[in-house]
Amino acid sequence: MEINLNKQQEEEKKESPVETVLVLQGGGSLGAYECGVYKTLAKHKIKFDIVSGTSIGALNAAIIASHNYESRKSSAKELENFWLELAETLVPLQQQFSSVYFTDEMRAILASMYSATFGNHKAFFPVWVSSGFFNLLQPFRPPPYPLFDITPLKKTLNRYVDFTNLGKSNRPRLIVTSTNIQTSEPVISDSKHISIDVEHVIASAGFPFYGIAWTQKDDRYLWDGSLLSNTPLREVIDSSPTSDKIVYLVNIFPHYQKLLPQDMFEAWHRVRDIIYTDKTDNNIRLSTIMSRHLSLSKEMHDLLMISCARFKEKGNDADFEDRFDKMELEYNKLARRRGAIIKDIVRIERPEKTHFLFEDADFSVATIKKLIRQGEEDTDKALATKNWNQ
């Protein structure tokens, strides 16, 4: 048996390319923070092979994936225009004198009340006003469902996403997630395998706790993907299992909060943060363990190949040779289909000074612009300090 380990190692390198991945969470109006993050990443000319998102992150991801980041209609500029179009001017003085007349919490309360009552004419409108308003006034009777229709959001998104570009070789691969209401299973829409349309993307944003309507698509009824996973990194690994990953992950729900809740609204707010914050550390630990196991398996495999060659020089053993060939086949399957290893990860996490339960429903112009700036600044800091974790 002729042994050429150097050639084999070169082949293994070729079979394990490295993909750069952007992972975007769901979080309503907090998705404007992700817009700021991407603006800075584009400024640093970081190109992505895969862009993945759920809920509002799916909408952001679709806009990014459908445009070239350096073209006339750049993905960063289109994403910012999308968010500025969603932004609502609540009172004439707000943009100019917001910091004087409104605290962040006051603005969030006003904006969320406005959205709940009047909707957002570029994103959703209240159907409960016409279909079930009187039900709200009757005791012991639940509110109607849905409360809001997101047809306006489809129209807005169609203006910013060129769906004909999705899946092209010169665009990032798009992966968005939703939840099958009837089976509780994830539904993965992947531009590598299907032609993603506006329904696939909108299906990811039907958040039932806020009364947003589900989407019927391909004989399935779909809700928000964040119900199963608000950080769709595992879905990326499952969809692209043979390539290692460098991951940029945006976490818009803070891991840490020093102050303990003092009332039920604050308690609900912290619970929401805990439910939807990034929980991919376990995936990363498993990836590290897998990498170590594969390295050890490779050393054992190479050593065994040398021993096998020496053994065969002394005389053939048909049973041994057959067993080794089977082992060799299984090893190659393991090495090639091992599942992606996360080589590096950059986390950009939104800090939070004001804790308000409905902050993710604040689409006021001042808040949207502030979130975009905050995302830009935090990403610059993360890149400058080389915040990389193995």
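This is a predicted model: local features need pLDDT of at least 70, side-chain atom pairs count only at pLDDT 80 or more; totals for chains, interfaces and linings use all residues.
**Entry 1: Glu19 and Lys245**

I then asked which residue the side chain of Glu19 meets in a salt bridge. The partner is Lys245, with an N to O distance of 2.9 Å. Glu19 belongs to strand 1 (residues 18–24) and Lys245 to strand 9, and the two are 226 residues apart, so I note a link between distant parts of the chain. Lys245 has 0% relative accessibility and therefore also counts as buried.

**Entry 2: strands 9 and 10**

Strand 9 (residues 244–251) runs parallel to strand 10, and I count 7 bridges for the pair. For Tyr248, I find Val346 in strand 10 as the bridge partner. Is strand 10 largely enclosed or open? Of its 8 residues (342–349), 6 are buried, so I describe the strand as largely enclosed by the rest of the structure.

**Entry 3: other salt bridges**

In one of them, the side chains of Glu199 and Lys154 meet at 3.2 Å, N to O. Glu199 is in helix 10 (residues 198–203) and Lys154 in helix 9 (residues 151–160), so this pair ties together parts 45 residues apart in sequence. I list Glu199 as partly exposed at 22% relative accessibility, and Lys154 likewise as partly exposed at 23%.

I also examined Asp238 and Arg234, whose side chains form a salt bridge at 3.2 Å, N to O. Both lie in helix 11 (residues 233–239), and because they are 4 residues apart, about one helical turn separates them. Arg234, at 32% relative accessibility, counts as partly exposed. Elsewhere, I traced one network of salt bridges with shared partners, which joins Arg270, Arg272, Asp273, Arg350, Glu352, Glu359 and Asp360.

How many cavities of 30 Å³ or more does the whole structure hold? My search returned 1. The largest cavity contains about 40 Å³ of space. I list its lining as Thr177, Ser178, Thr179, Pro186, Gly225, Leu228, Ser229 and Glu235. By class I record 5 polar, 2 nonpolar and 1 charged residues in this lining. Strand 5 (residues 173–180) supplies the largest share, with 3 residues.

Notes:
Residues are numbered from 1 along each chain as its sequence is written. Side-chain values use heavy atoms; hydrogens and water are left out. Buried means under 20% relative accessible area, exposed over 50%, partly exposed in between (1.4 Å probe, protein chains only). Two strands pair if DSSP finds at least two bridges between them. On a 1 Å grid over the protein atoms alone, a cavity is a set of points where a 1.4 Å probe fits but cannot get out, and a pocket is an open set with protein on both sides within 12 Å along at least five of seven lines; lining residues have an atom within 4 Å of a point. Grid points are joined across faces, edges and corners, and a volume is the space filled by probe spheres set on the points. Ala, Val, Leu, Ile, Met, Phe, Trp, Tyr, Cys and Pro count as nonpolar, Asp, Glu, Lys and Arg as charged, and the others, Gly among them, as polar. A salt bridge is a side-chain nitrogen of Lys or Arg within 4 Å of a carboxyl oxygen of Asp or Glu.
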